Amino acid sequence: MHQSVARLPGYLPGDPEYRKLSVALFAAGLATFALLYSTQPLLPELVTAFHVSPSQSAFSVSFATFGLGLALLVAGPASEVLGRTNLMRWSVAATSFFALLSAFAPSWHLLLALRALQGIAMAGLPAVAMAYLREEVHQDSHARASGLYIAGTAVGGMAGRLIAGGLSDVGGWRFATGGIALVGVLCAAVVWLLLPASRNFRPSKARLFSSKVLRDPALLALYGIAATAVGAFVAVYNGAVFRLSGSPYLLSAGAAGLVFCVYLLGSAGSATAGTLADRYGRRKVVPIGCLITLAGVAITLAAPLPLIVLGLAVMTAGFFAVHGVASGWVPARAHASGVGTGQASSMYLFSFYLGSSVFGGLAGTAWSRAAWAGVAGEAGALFVVTLILALLLKNVPSRVQN
């Protein structure tokens with residue numbers, strides 16, 4: 001009896017199954033986050049194609065992120081019953097399928113519906129990936145395997161925007177959307193073929209959310225940081241696409257999409273902030289990251305293109321520093337407070353994607369009313385709120401891991 005439920009040893013680097021697992025999760029992360037923001041560099045084209053306003057075009061991003069945020073609250077508990085492997089496989093496959101349909105959407109409302117379905121479908125990966133790694137990989141290799149998955153999400157987020165912008169220059173938004181969807185299909189095939197079946201998963205009853213995740217003031221502040229920081233971040237990039245495609249820059253979608261290369265600085269910002277947080281504490285590092293984001297937004301107010309790119313780079317480094325430290329702070333704080341770490345992390349991600357949907361979508365309205373000054377004003381105000389929340393965390397009693 002005990003033998004049937006005994007935990008099998010986790011995979012180690014060098015094991016064939018570990019290599020398959022690493023490649024599969026990298027591909028899954030790449031596909032998911034390439035598809036999530038793939039319409040961002042296409043916003044000006046969507047305005048023309050569907051005769052919508054800039055604020056309406058931003059819904060193509062917001063509907064996907066909002067669907068993802070809502071579905072995350074269900075996907076995690078559902079995986080306790082359905083299992084990790086099948087949920088991840090079907091998640092990537094369904095996301096790619098809806099993305100492919102999006103390329104043929106005959107109307108604006110149908111495109112938005114398909115984008116929302118993409119968001120809902122893709123929730124199966126971020127909600128489950130870390131739990132799967134914790135169960136199937138040896139504890140000494142968790143960080144390495146998790147790093148490969150996170151690398152896939154970062155590369156996907158950047159590559160999706162770059163590829164979509166480049167393909168748009170060649171054949172328009174439908175060609176770009178279809179091209180990104182095919183990348184997703186290829187990645188889905190890799191996941192189905194290589195991802196090892198769960199060996200240590202044990203089905204259990206789906207656990208509903210506990211109100212404890214909403215009682216700790218520090219966790220509430222961290223959820224607020226997630227929503228406002230990413231909302232400002234997405235707003236800036238939504239607005240930047242319109243700014244760079246208009247006068248006096250007149251960049252094509254592909255050329256404007258090259259600014260997303262500054263995402264590489266995000267990885268450096270996150271890693272550096274993590275090291276500094278270990279040395280000086282999270283409470284000191286997060287406010288500094290907020291100040292860096294504000295400096296980046298201020299620099300983008302300059303007219304020369306190199307200064308705009310510099311400002312985006314500075315803001316990106318600051319944002320990933322804030323998000324990287326805050327997202328790691330949530331499970332640490334939850335554990336020290338006796339709150340379910342999985343539920344607290346899910347609430348953080350829900351807040352993250354809700355902020356991306358709401359505040360990122362408002363960038364179109366801000367652009368229509370006051371061009372770049374309006375977008376920068378919105379982002380600056382949100383980053384100020386992020387800074388205030390980070391400073392308030394200094395006054396919240398520490399519970400060991402802060």
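This is a predicted model: local features need pLDDT of at least 70, side-chain atom pairs count only at pLDDT 80 or more; totals for chains, interfaces and linings use all residues.
Y348 is buried, with a relative accessible area of 3%.

**Aromatic residues**

- The whole structure contains 14 aromatic pairs.
- One of these pairs is formed by Y348 and F352, whose rings are stacked, at 6.5 Å centre to centre and 25° between the planes.
- F352 and Y353 are both buried.
- A single aromatic cluster unites Y348, F352 and Y353 with F233, Y237, F260, F319 and F320.

**Largest nonpolar core**

- The largest nonpolar core has 118 residues, and the members that touch the most other members are L25, I225 and Y237.
- Helix α10 (residues 217-245) supplies the largest share of this core, 18 residues.
- In soluble globular proteins, nonpolar side chains tend to be buried together.
- Leaving aside residues up to four places away in sequence, I225 touches V230, V286, V322, A326, T386, L389, A390 and L393.
- Y237 belongs to the aromatic cluster and is also among the core residues that touch the most other members.

**Largest cavity**

- The structure has one cavity of 30 Å³ or more.
- The space in the largest cavity is about 80 Å³.
- Its lining consists of 13 residues, and S38, T39, S102, R115 and T177 are the closest to the centre.
- Helices α6 (84-102), α7 (108-122) and α9 (142-194) each contribute at least two lining residues to the largest cavity.
- Helix α9 provides the largest share of that lining, four residues.
- By residue class, the lining of the largest cavity comprises seven nonpolar, five polar and one charged.

**Second largest pocket**

- The second largest pocket holds about 190 Å³ of space.
- Thirteen residues line this pocket, and those nearest its centre are A273, L276, V285, I288 and I292.
- At least two lining residues of the second largest pocket come from each of α12 (263-280), α13 (282-299) and α14 (305-337).
- The lining of the second largest pocket divides into eight nonpolar residues, four polar and one charged.

- T48 is located in helix α3 (residues 43-50).
- With a relative accessible area of 58%, T48 is classed as exposed because this value is over the 50% limit.
- T48 and G76 are 28 residues apart along the chain, and their C-alpha atoms are separated by 39 Å.

Key: Residues are numbered from 1 along each chain as its sequence is written. Side-chain values use heavy atoms; hydrogens and water are left out. On a 1 Å grid over the protein atoms alone, a cavity is a set of points where a 1.4 Å probe fits but cannot get out, and a pocket is an open set with protein on both sides within 12 Å along at least five of seven lines; lining residues have an atom within 4 Å of a point. Grid points are joined across faces, edges and corners, and a volume is the space filled by probe spheres set on the points. Ala, Val, Leu, Ile, Met, Phe, Trp, Tyr, Cys and Pro count as nonpolar, Asp, Glu, Lys and Arg as charged, and the others, Gly among them, as polar. A nonpolar core is a set of buried Ala, Val, Leu, Ile, Met, Phe, Trp, Tyr and Cys residues joined through side-chain atoms within 4.5 Å. Buried means under 20% relative accessible area, exposed over 50%, partly exposed in between (1.4 Å probe, protein chains only). Contact means heavy atoms within 4.5 Å. Rings of Phe, Tyr and Trp (its six-membered ring) pair if their centres lie within 6.5 Å; planes under 30 degrees apart count as stacked, over 60 as edge-to-face and the rest as tilted.
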